[in-house]
Amino acid sequence: MSEGFYLAQVNIMLAKYYPQEIEKKWQQKWAADGLYEVTEDSTKPKWYALTMFPYTSGNLHIGHWYAMAPSDVYARFKRMQGYNVLHPIGFDAFGLPAENAAIERGIHPAAWTMRNIDNMRRQLKSLGASYDWSREIITCLPEYYRWTQWLFLRLYKAGLAYRAKAPVNWCPHCQTVLANEQVVDGRCERCGAVVTRRDLAQWFFRITRYADELRQHNDIDWPERIKIMQRNWVGKSVGAEISFALDNAGGEETEIRVFTTRPDTIFGVSFMVLAPEHPLVTKLTLPEKRTEVEAYITRSRQQSEIERLATDREKTGVFIGAYATNRLNGEKVPIWIADYVLMSYGTGAVMGVPAHDERDFAFAKRYHLPIKTVIAPPKWSGEELAEAYTTPGVMVNSGRFNGLPSQDGGEAVSYFLEEKGWGKHAVTYRLRDWLISRQRYWGAPIPIIYCDRCGIVPVPDTDLPVLLPENAEFKPTGESPLKYCESFINTTCPVCSGPARRETDTMDTFMCSSWYFLRYASPHCDTAPFAADKVKYWLPVDLYTGGAEHAVMHLFYARFFIKALRDMGLVSFGEPFRRIFNQGTIICGHQKMSKSRGNVVNPDDYVSRLGADVVRVYLMFMAPWEQGGNWDDSGVCGISRWLNRVWGLVVEKYDGGSANRVEAERELTRIIHQTISKVTSDLEKLRFNTMIAALMEFTNYLARVSKARAVADSAWKEAIKTLLLLLAPSTPHLAEELWQRQGYPYSIHYQNWPGWDEKLTRNEATTLIIQVNGKLRDRITVSVSITEDEAKRLALGSQRVKNYLNGREITKMIYVPGKLVNLVVG
């Protein structure tokens, strides 16, 4: 650490402020007294303050504290405002890193995870946060994942959980399926291995049933960028589903159905593209094309969906030798396969209209396919288009629809198709159902049994939880040990009592975090995942804080979960989080903190030397919370010096006597009320950096008052009391200690937040600037209510101004109310 860091220790010693002793003392007392344990109280308004719970990686770095410290300050502030505050904490404890650690280090995932939790719990307690530790939840413990399994079964019985064979993203290193969001640039976000595609029987949640509702964010206060990201992730498209006829080459199949947002371009179709995974490909491909087609399919399966959809990637494809018929004009259309078409979007088939789609235009140019204009650009006279024309125009070469504006033509074509039975209006979504199966050990087992006689059988509620076997053998290949654990796999069918097999997949860890905020309301309930009356009191969460990187996974899945539970009658609300605030990122050495870069800052080092309060305040002061900033040792030391000055200011004996100092005390009252107003406003808006700046200004002012002994003892005592109350959310240990030393009742954290009188915040005097020909010549202290005539009279009466006028004639007087008089002279 820097030299300045150690110099700060000298300051601490001189000021007789020992944060290590003070913080340990108060943390122990708060815990012993259950100061932050909370119960339902109908006499108070409730406030549910929640920060996204941490994953059990082993150590919290300063970036974690950046998420947690300011949110704790806000929870403390709301408590002092009279709210009944629930501020819980827990651990997101399932997941791949624990299992990978088991393989790499020869330690069981449970042991690795619980050891990490012990360390992280110690770190979190050293923060001095007002967490209700009696409500701690750990998602890998059976008392929690029992209810994760119970909720899976409710979704299954509601038709929202189903099993299907589907192409999936497969990480060969982690030996598991990845969600689309977990594939970054074609690689696993966890280990960096190249992701491939496989067909596997998987469990899904039917999240698409809520697609329209998930696009809406009514009556919730969320960042606009999060709402946009979620709407884009759903990706609603309105258009038509159109049938193209097949000849006998398709056997029993008589049509290919495509979805398009541009039915007005139907007469411009010059080719059709199927996804390589489309079931019709094998049926329609001619024998002489089969080798080429199968080779292309193999290549496409090595790529992730993100790679296949990349806009800057060259479009490739293979003609399968078959044709479909455009029913509207009778033209034969060649059928191709191309990897930019996905089976999971729309129908897995698209119509190629190169004249009016940039992707189709590039494809047609590459493979020398016809380009037929059917939407005329302005002033078009029949010439070949040099590029795709994608904006509105007039329909041409479109039979009975010629001359229609394209916007109207699309509707006309759609209605015509419905009349003929060749198509219909349709809506489709980019959103896919949530794939929850994971071929790993360290997750909640999916509570399903497979019986040769009875088929898929849900585990009865009375048999929950389905426990993870402790004797699992972890293989260096990364394969799930559940597949080889006979004592786990072999079971009895709960319906027919015959031999059966357990599902060996475990659930995506996002399943655990999609409902954990409900469990906090009644974490020890053993008859249900949550007590309905307590959830009714506490939920929804009033303020949820965390990183924006969770916009289309955790936050999205949690919303789906709540909407599904609402429709089952298990909760009465449809949104889990009323307000969301995303903090910025802490960087160090101008780079984002990460273990791989070696620039992670361990808060333990600073807490042990300077104290948690110093670290808390620095994290708030360093930058606006939503922006983040650069960690700097010198800045931490500056905060340490300030809190030492606060300590000295409060503990130093003040002797101002009892004399009446009217003007000084009037000014002190004004400053106090201004500071309360400023700090309160900044806290409400989560502007922690400017809130701390206001407290620093207040401290500096009080230091001047103290030095001058400018006010009576009673006024000074009131000022110090206000300072401590305003400091309490940010520096809970320091404020508690100084509050006790002032003789006030325990605890400062349950005192009322100070109020202010708006009238008393107003300045009674202001500085009037006097200029001559725009140049400053004098400053005069005046009443804020000064009139224009009075201001001009004072300006003319100023001796300094008279010296500059020197008898010259004033041609004009400019007055800015309460601020400035400018005398213009010849």
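Student: Which residue in strand 6 stands opposite Asn169?

Tutor: Asn169 stands opposite Leu178. Please note that this is a predicted model, in which local features need pLDDT of at least 70, side-chain atom pairs count only at pLDDT 80 or more, and totals for chains, interfaces and linings use all residues. Residues are numbered from 1 along each chain as its sequence is written, and side-chain values use heavy atoms, leaving out hydrogens and water.

Student: How many bridges join strand 5 and strand 6?

Tutor: Two strands pair if DSSP finds at least two bridges between them. Here, strand 5 (residues 161–171) pairs with strand 6 over 3 bridges, in the antiparallel sense.

Student: In what order do the strands of this open sheet lie?

Tutor: The order is 6-5-9-19, an open sheet of 4 strands with antiparallel pairing. Strand 6 (176–178) and strand 19 (434–435) are at the edges; each has a single partner strand, so one side of each lacks a neighbour in the sheet.

Student: How many helices and strands does the protein have?

Tutor: Helices (H or I, at least four residues) and strands (E, at least two) are DSSP runs, numbered from the N terminus. The protein has 27 helices and 33 strands, and its C-alpha trace spans about 105 × 80 × 50 Å along the principal axes.

Student: Why does Glu411 count as partly exposed?

Tutor: Buried means under 20% relative accessible area, exposed over 50%, and partly exposed in between (1.4 Å probe, protein chains only). Glu411, a residue of helix 13 (residues 406–420), counts as partly exposed because its relative accessibility is 37%. Across the protein, 56% of the 826 residues count as buried.
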